[in-house]
Amino acid sequence: MRDIIDLNYDWKFKKDFFVEDLSQPITENYESVDLPHSFPLIPFNYLGELYRGYTSLYKKEFYLDKKYRGKIMNIIFEGVAHVADIYLNGKHIGKHEGGYDRFGFNISKYINYGTVNLLEVIVDSNEYSDIPPFGNLVDYLGYGGIYREVRLEILNREHLKNCFLDCFDINTNILSCDIETSVNTGVVDITIYDQEKEIYQNSFLFVQNQSSFECILDNKKLWSVDSPYLYQVKVKLVINQEVTDEIVINFGFRDIKFTKKGFYLNGSPVKLRGLNRHQSYPYVGYAMPRSAQEKDADILKYDLGVNIVRTSHYMQSKHFLNRCDEIGLLVFEEIPGWQYIGGETFRQNTLNNVKAMITRDYNHPSIIMWGVRVNESPDDTDLYRATNALARSLDPLRPMGGVRNFKNSEMFEDVYTYNDFTHDGGEKVVLKPKRVKKRVPYLITEHNGHMFPTKRYDAEPHRIEQALRHFRVLKASSHNTRISGAIGWCMNDYNTHYEFGSGDQVCYHGVLDMFRIPKYAAYVYAAQQEAKPVLEVLGTMNHGDYPASQIDSVYVATNLDFVKLYINDIYVNTFYPDRKSKLPHPLIKIDDFIGNRLVEFEGFTLYEAKLAKKIFRAVSKYGLNLPLRYKIGMAFLMFKKRYKFNDAMNLFYKYHSSSASYKFAGYKNKKLINTVIKEPVKVVRYQLNLDKIILEPDVTYDVTRVMVTKLDQNNNILVYAFDPIIVETEGGIDLIGPKEISLQGGAAGFWVRTNGKSDIGTVKVKIKNQILTETIKIKLR
């Protein structure tokens with residue numbers, strides 16, 4: 001049987017590598033670190049030259065029992081940014097180029113059994129032109145370090161090398177297993193479990209090291225977005241009636257097709273709505289453990305309500321993909337790259353990435369398409385004919401895509417995946433597919449993003465406009481059956497090179513900020529789900545945040561049936577979404593803040609009330625310099641109602657008061673579900689929230705996100721609050737990042753991690769004259 005020894009704790013790290021450091025004892029000059037680890041740690045913004053790349057040294061001592069003598073010993077790295085030179089006990093094991101793929105080496109002949117071994121890894125994070133995605137300007141950082149897990153894989157000589165699972169015909173109950181073994185003869189035992197219940201078992205004799213077997217089930221359940229049903233497939237290698245190896249794979253039966261009429265999952269049309277994801281985090285770049293990767297998938301699925309994510313622009317953590325399998329989040333995975341194609345070494349590394357991506361992630365049912373072009377690169381017949389041919393040889397079932405930003409590109413893939421940045425706030429929203437590429441399946445893979453960067457603390461009209469731009473693209477794509485869907489740019493803000501971003505080396509392109517705190521645009525996506533009620537008013541109703549203090553309308557992102565508006569607890573009107581829209585839940589536009597109150601409380605006729613509303617809107621826009629038609633209307637009403645000028649002005653301010661209380665009540669099936677109140681701030685308070693209060697370190701440390709918010713009396717975030725705070729941790733947790741930070745847009749986020757020192761940790765946040773405290777329980781290994 002195979003054994004796994006994880007090597008993620010208690011590494012020794014030296015930021016500057018010198019040749020003479022190799023094979024030398026570990027001294028006090030080394031820092032103790034755990035994996036995942038990133039270097040350098042960078043500030044939130046204004047990074048300067050910190051990201052430009054370093055060559056550093058990692059050392060790890062480990063003991064290996066003599067019982068493993070004679071076994072095959074592999075060292076496996078899940079991800080190192082971006083060049084790794086591996087040494088064991090002073091011997092060079094191998095070198096790997098590329099920051100996003102799993103790689104490993106056989107170290108059997110270099111191991112010392114029954115004593116201490118010294119593993120050394122030289123990590124070079126410089127941006128070399130032969131290693132994708134580098135070679136030209138890149139609009140994101142590559143960071144550095146051993147930022148994913150490392151393990152020893154201990155195998156018998158007779159072992160399983162690969163197992164790829166398929167269902168070639170979804171109308172059958174046949175699971176096909178392509179298995180590669182290290183020996184030419186033996187028996188493969190396959191057992192399939194449904195929710196831990198054994199539903200299939202069979203043994204197959206094989207006489208070559210690559211074999212295919214068919215497992216015929218009595219019935220099956222399909223994997224889908226709404227019901228991500230997974231089976232557990234256990235494969236054993238049996239030699240001379242002894243089990244020598246075993247692997248377990250989660251598998252989902254599903255059928256995927258991209259057509260000229262859209263995307264189909266298990267024969268049913270599914271309009272794809274999604275976001276691109278960068279795997280980066282504040283301060284530590286890519287270096288976050290399993291729970292943070294899983295949390296991002298949960299945020300996309302459950303908080304943002306999307307059904308697809310694109311792994312822009314590289315392969316991402318196995319933990320993220322595993323979670324996508326579990327929760328039913330579709331994935332478009334692609335190789336590293338950004339606009340640039342280099343020479344022969346670059347091209348070979350690109351082919352290596354295609355192979356590494358597909359072989360590592362083949363069995364994920366969530367992955368519905370492979371991206372086999374460098375993002376937004378020019379056409380290259382030889383390279384992309386080769387990447388597509390290689391991909392099809394490795395996976396004959398999944399469709400291929402390759403993201404472009406230009407029309408009528410040479411196409412070897414199955415789906416024309418196009419970054420459509422047509423929408424700039426004007427009438428044009430998305431291009432018609434036939435104007436980009438005729439007669440092929442079509443998917444929008446980026447929109448918005450850099451077209452309208454938005455911070456959470458920008459002026460309110462700006463933040464609303466970002467939401468409206470995302471809404472317009474989602475709406476337009478939902479109305480065109482030729483468009484399989486639209487994947488927006490992007491999930492969260494991210495650090496970048498100084499040539500990009502907002503001058504502080506941050507791209508504020510996300511619908512979430514870097515700490516995964518939502519902007520208004522996030523709720524446009526969240527409202528498309530059915531799993532939980534969403535009612536978000538896109539605005540604070542503070543007139544002074546708008547030009548000329550004029551609020552003509554407010555939008556509500558909701559998946560409820562209708563919204564009732566009350567002003568100062570008096571009913572105004574009921575508002576509904578556009579029933580003609582093909583988007584599941586379009587925004588509700590509220591553009592009447594008077595309703596029937598002029599009739600009910602002021603004695604106006606319906607005609608007089610309608611005329612008065614028009615005049616009120618004109619006064620809001622023009623002040624007293626009204627166009628003639630409004631002056632005539634105003635004179636008519638004043639004469640009819642016997643109003644003096646002050647009476648008319650008092651009536652205007654009565655129904656346009658900046659001190660009014662606005663209540664938005666959302667209903668589903670005629671039942672009140674949620675209420676949002678917007679009114680002047682009377683009381684402020686601070687709140688401390690953790691994603692979880694129980695941490696469970698296992699093969700790596702565990703983390704949780706902490707958020708501090710400043711709220712009003714109705715639990716609305718005070719978006720223009722920038723209060724400084726001091727963060728302290730005690731016991732079994734450490735802070736990730738600086739301890740002195742400020743609220744940004746009324747909220748601050750940070751992560752804490754376990755340190756192995758105690759089973760209890762405490763977070764303290766000092767803000768003004770208050771101390772907010774939360775206790776975390778830790779399940780020690």
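Which residues lie nearest the centre of the largest cavity, and how many residues line it?

Mentor: This is a predicted model, in which local features need pLDDT of at least 70 and side-chain atom pairs count only at pLDDT 80 or more, while totals for chains, interfaces and linings use all residues. Residues are numbered from 1 along each chain as its sequence is written, and side-chain values use heavy atoms, with hydrogens and water left out.

The largest cavity is lined by 15 residues, and Ile 615, Phe 616, Met 634, Leu 637 and Ala 648 lie nearest its centre. Helix H9 (606-622), helix H10 (628-641) and helix H11 (645-654) are the elements that give two or more residues to this lining. Helices here are DSSP runs of H or I with at least four residues, strands are runs of E with at least two, and both are numbered from the N terminus. The space in the largest cavity is about 180 Å³. A cavity is a set of points, on a 1 Å grid over the protein atoms alone, where a 1.4 Å probe fits but cannot get out; a pocket is an open set with protein on both sides within 12 Å along at least five of seven lines; lining residues have an atom within 4 Å of a point. Grid points are joined across faces, edges and corners, and a volume is the space filled by probe spheres set on the points.

By class, the lining of the largest cavity has 14 nonpolar residues, no polar ones and one charged. Ala, Val, Leu, Ile, Met, Phe, Trp, Tyr, Cys and Pro count as nonpolar, Asp, Glu, Lys and Arg as charged, and the others, Gly among them, as polar.

The whole structure has six cavities of 30 Å³ or more. The second largest cavity has a volume of about 70 Å³. Its lining has 14 residues, with Arg 148, Glu 149, Met 288, Ser 317 and His 319 closest to the centre. H1 and helix H2 (318-327) each give two or more residues to that lining, which divides into five nonpolar, four polar and five charged residues.

Now the pockets. The largest pocket holds about 1,900 Å³ of space. Of the 47 residues that line this pocket, Arg 2, Arg 102, Arg 151, Glu 153 and Arg 360 lie nearest its centre. Helix H3 (residues 344-361) gives the most to the lining, with eight residues. The lining of the largest pocket has 15 nonpolar, 14 polar and 18 charged residues.

The second largest pocket holds about 1,100 Å³. It is lined by 38 residues, and Pro 518, Tyr 523, Glu 536, Asn 715 and Ile 717 lie nearest its centre. Among the elements that give two or more residues to this lining are helix H1 (290-303), helix H7 (520-526) and strand S39 (671-678). The lining of the second largest pocket divides into 18 nonpolar, ten polar and ten charged residues.

As for packing, the largest nonpolar core has 125 residues, of which Leu 304, Ile 590 and Phe 664 touch the most other members. H7 gives the largest share of this core, six residues. Another core, of 30 residues, lies apart from it and includes Leu 64, Ile 86, Ile 111 and Leu 152. A nonpolar core is a set of buried Ala, Val, Leu, Ile, Met, Phe, Trp, Tyr and Cys residues joined through side-chain atoms within 4.5 Å; buried means under 20% relative accessible area, exposed over 50%, and partly exposed in between (1.4 Å probe, protein chains only).
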